[in-house]
Amino acid sequence: MRLSMFHDARSRGVLSAVGIALERTYGIEVREALEREPPREAFNARRRQFDASALLNILAREGRRPFLWILSPDIYVKGMNFVFGVALFGIGAVLSTHRLHSLDLVRKEAIHEIGHVLGLSHCENECVMQFSNSVAEAEMKPSELCNECKNKLRKMLPSLNFE
Ligand SMILES: [Zn+2]
Ligand SMILES: [Zn+2]
């Protein structure tokens, strides 16, 4: 499986670390990253945030699956003040670095969102698939999958080759 990565100009610095983490965690191949700014049409001027679902839909329509789009502005989905990222199973994910102040957090949330893309749900174990509602919660969870999630993935996607 090959993941297409997209990023805005300000997120270039995190790409290689995120790519390496995703390859290591999931055994997926990360394609060369393409620079792509979020379009104005997905910006909510009242909230001063980008609509993460609109961004997802833009890339989903282009059919390059799975994808990860890393952006520096803040993003939201309806009903939430903000999200770190949002994912569609089998399609792709959008991740915002806006509130993730360290490379470690960006990497962790990227692993989390791609877990959703590959079919994992939230997990209650000591696991990167724990739901985090704040930076503090994101900092506390590990950056690795628990064994239960690894086993689920192996069953769902036997072609993936990870440890
Ligand atoms: Zn999640
Ligand atoms: Zn887990």
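Predicted model: local features only at pLDDT ≥ 70, side-chain atom pairs only at ≥ 80, totals over all residues.

Reader: Which residues in the largest nonpolar core touch the most other members?

Author: Leu22, Leu68, Trp69, Val94, Ala110 and Ile114, in a core of 44 residues. A nonpolar core here is a set of buried Ala, Val, Leu, Ile, Met, Phe, Trp, Tyr and Cys residues joined through C-beta atoms within 7 Å. Buried means 20 or more other C-beta atoms within 10 Å of the residue's own, exposed means 12 or fewer, and partly exposed is in between, with C-beta atoms placed from the backbone.

Reader: Which element gives the largest share of this core?

Author: α3, with 6 residues. Helices (H or I, at least four residues) and strands (E, at least two) are DSSP runs, numbered from the N terminus.

Reader: What does Ala110 touch?

Author: Leaving out residues up to four places away in sequence, Ala110 touches Val18, Ala21, Leu22, Leu68 and Leu95. Contact means C-beta atoms, placed from the backbone, within 7 Å.

Reader: How do the axes of α1 and α3 cross?

Author: At roughly 45°, coming within 9 Å. Axes are lines fitted to C-alpha atoms, for helices over the stretch in contact, and angles run from 0 to 180 degrees between N-to-C directions. The two helices, α1 and α3, are therefore oblique to each other; under 35 degrees counts as roughly parallel, over 145 as roughly antiparallel, 65 to 115 as roughly perpendicular and the rest as oblique.

Reader: OK, backbone. Which peptide bond is cis?

Author: The one from Arg65 to Pro66, with omega near -10°. Pro66 sits in the loop between α2 and β6.

Reader: And what is phi of Arg48 near?

Author: Near 55°, a positive value in a residue other than glycine. Most residues other than glycine have a negative phi, and most peptide bonds are trans.

Reader: Is Arg48 buried or exposed?

Author: Arg48 is exposed, because 10 other C-beta atoms lie within 10 Å. Its place is the loop between β4 (43–44) and β5 (49–51).

Definitions and conventions:
Residues numbered from 1 in each chain as written. Chains lettered and ligands numbered in written order. Contact = placed C-beta atoms within 7 Å.
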